[in-house]
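Subject: Structure for your files, with notes on helix packing

Hello,

Here is the structure I said I would pass on.

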Amino acid sequence: MGLPALEFSDCCLDSPHFRETLKSHEAELDKTNKFIKELIKDGKSLITALKNLSSAKRKFADSLNEFKFQCIGDAETDDEMCIARSLQEFATVLRNLEDERIRMIENASEVLITPLEKFRKEQIGAAKLLAFLQGLFTFYHHGYELAKDFGDFKTQLTISIQNTRNRFEGTRSEVESLMKKMKENPLEHKTISPYTMEGYLYVQEKRHFGTSWVKHYCTYQRDSKQITMVPFDQKSGGKGGEDESVTLKSCTRRKTDSIEKRFCFDVEAVDRPGVITMQALSEEDRRLWMEAMDGREPVYNSNKDSQSEGTAQLDSIGFSIIRKCIHAVETRGINEQGLYRIVGVNSRVQKLLSVLMDPKTASETETDICAEWEIKTITSALKTYLRMLPGPLMMYQFQRSFIKAAKLENQESRVSEIHSLVHRLPEKNRQMLQLLMNHLANVANNHKQNLMTVANLGVVFGPTLLRPQEETVAAIMDIKFQNIVIEILIENHEKIFNTVPDMPLTNAQLHLSRKKSSDSKPPSCSERPLTLFHTVQSTEKQEQRNSIINSSLESVSSNPNSILNSSSSLQPNMNSSDPDLAVVKPTRPNSLPPNPSPTSPLSPSWPMFSAPSSPMPTSSTSSDSSPVSTPFRKAKALYACKAEHDSELSFTAGTVFDNVHPSQEPGWLEGTLNGKTGLIPENYVEFL
């Protein structure tokens, strides 16, 4: 029940009942006054806390913005660059949110504290508490909208982190394996050095109070007979003085009974009087130093392959084995999950290889492998045979060149350089590589069933086809770029193997193209996942190139060992009048990611999770491999995009556009939405 009303007529009577009622009203006013005081106090505390929170979040955002990732190696993958940019993106979102919070705080005193003070002193009912609550709700709604807008970037970042984590796991296992090998046999995994011998030695030095043994890091070069001694400081773990170099005259092993130390030898120098007595770390270490200084050859790591070499060759038997394995996979197991990633039992794999490599069975024309062999055994046999070759299929001498190509700034340059390198390979290597890449493209086309995307296949075949000659930590750090090379070969196999590469650009032209690319403004929403899009180009230059290709294909087909004789699918009719055969990928500005990116988030590594992926390009003879030559078509948006300029269209995922056709802007299409015509990023749509 509420308080009874105070009647004016009761004031005149001044009855005890009236006085009791008056006291209850006064007590309620005192209670309300105290409540408002507490409310004002709590309101000020809230504003102070919000200011402190905003200041802390802004400082946190500044720290995120200033932090820079440092990666091992001389280049970063697209996923690593995306992760590095993510901190700046997070910082921007936090600053935006705190700007809204500051606006709310600035109005809090005016709409809440001051009216409450006045309300308490003058009258009840004037405080604008509702206005403050409305401002608070507006702030949280703004945060919700920011989170919604940030959703697309967060999805891409999640996939990039997943891809990077998968690569890290693979790299870590390789490093741990190398570390274990080096612990078990350190001499066999010794790094090739410019020095004949190097390592720590204790050098005897004469002092006023006697002699002392000082630890030095010593190097010896046989050609110049130069011994360099660098003093080592035990406390700091670094250099302890100036280097000293002497020219070797002779080296004599020190007898054990002639000195109190073990493993010693005496060195005489041409340019220093007296004898330098040195102590090695062990008897074996002294032996190596003695052999090096006597002019014997140094112990280098020959980097022997783990697989037996010389038993597998790129001959008719080798091609027959690979064809039989591919035929079995494509006819019986193309949809098996984890294809090529799940390995077979080693004993079964070796048994199958011994059957396939038997000259009697290899010469048979039968192309089927018996159904008793599991698909994982067949795929493991194919990979094992490639590892058994005397050298990797893409050759040691081109390994560094392929890695450098994968580190180029934009996708167009990467594809062009790898295209040129592939055509520098020996003919049989190139034919085998073409056979394999055509097969892997078919595997990737069925990635929804087998979960083996282009990225997954790159992880599996990169170390096999591009293994380095020397097994080092630096080489392991380049595995991610080996994988990217294989991804590019799979995605662009038709262009790389069926067309003649363009003349390589000079250094000046490359520098100019990169400068133009970096100066150009990136189009809006250009940092999101790409889908495949092909445009039709038919020029005299392309026709001339096709005629050259046909003549080269005819000359190759005359070779009985040619891979082109084994499959008609590898000889597309380049002179056909079918407009689909002239399809090439559109040239894009550097601001747009390549099509598709070798480390595209659309192809996360199996088996963590599956993400939407663009369809793989199929053979040029397929009628479904590219859009038809109709100039205007319908297209559906795969992702949402907000326009940054009046000439662009804003849309959500699933939007359907009319009259879509290529525009004059590279990387953009032109289409109509609700009667308005504007630009659409070509990597955001698929044609219906």
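A term first: a crossing is called right-handed if the near helix is turned clockwise from the far one by less than a right angle, and left-handed if the turn is anticlockwise. Please keep in mind that this is a predicted model.

Overall picture. The chain has 688 residues, of which 43% count as buried. Its secondary structure comes to 20 helices and 13 strands. Among contacts between residues at least 6 apart in sequence, 69% join residues at least 24 apart.

In soluble globular proteins, nonpolar side chains tend to be buried together. The largest nonpolar core here has 65 residues, and the members that touch the most others are Leu433, Met437, Phe461, Leu465 and Leu489. Helix 13, residues 427–445, gives this core its largest share, 9 residues.

Leaving aside residues up to four places away in sequence, Met437 touches Leu465, Ile486, Leu489, Ile490, His493 and Phe497.

Helix 13 against helix 15. The axes of these two helices lie 10 Å apart, and the packing angle is about 155 degrees. Angles over 145 degrees count as roughly antiparallel, so helix 13 is roughly antiparallel to helix 15. Helix 13 passes helix 15 in a right-handed crossing. From helix 13 the contact takes in Leu433, Leu436, Met437, Leu440, Val443 and Ala444, and from helix 15 it takes in Val454, Leu457, Phe461 and Leu465. By class, that contact has 10 nonpolar residues, no polar and no charged.

Helix 15 against helix 17. Helix 15 (residues 454–465) also packs with helix 17 (residues 479–491), at an angle of about 115 degrees and with the axes 7 Å apart. This crossing of helix 15 and helix 17 is right-handed. The helix 15 side of the contact includes Val454, Leu457, Phe461 and Leu465, along with Gly458 and Gly462. Across from them, helix 17 contributes Ile479, Gln482, Asn483, Ile486, Glu487, Ile490 and Glu491. The contact of helix 15 with helix 17 divides into 10 nonpolar, 4 polar and 2 charged residues.

Regards

Terms used: Residues are numbered from 1 along each chain as its sequence is written. This is a predicted model: local features need pLDDT of at least 70, side-chain atom pairs count only at pLDDT 80 or more; totals for chains, interfaces and linings use all residues. Side-chain values use heavy atoms; hydrogens and water are left out. A nonpolar core is a set of buried Ala, Val, Leu, Ile, Met, Phe, Trp, Tyr and Cys residues joined through side-chain atoms within 4.5 Å. Buried means under 20% relative accessible area, exposed over 50%, partly exposed in between (1.4 Å probe, protein chains only). Helices (H or I, at least four residues) and strands (E, at least two) are DSSP runs, numbered from the N terminus. Contact means heavy atoms within 4.5 Å. Axes are lines fitted to C-alpha atoms, for helices over the stretch in contact, and angles run from 0 to 180 degrees between N-to-C directions. Ala, Val, Leu, Ile, Met, Phe, Trp, Tyr, Cys and Pro count as nonpolar, Asp, Glu, Lys and Arg as charged, and the others, Gly among them, as polar. Angles under 35 degrees count as roughly parallel, over 145 as roughly antiparallel, 65 to 115 as roughly perpendicular and the rest as oblique.
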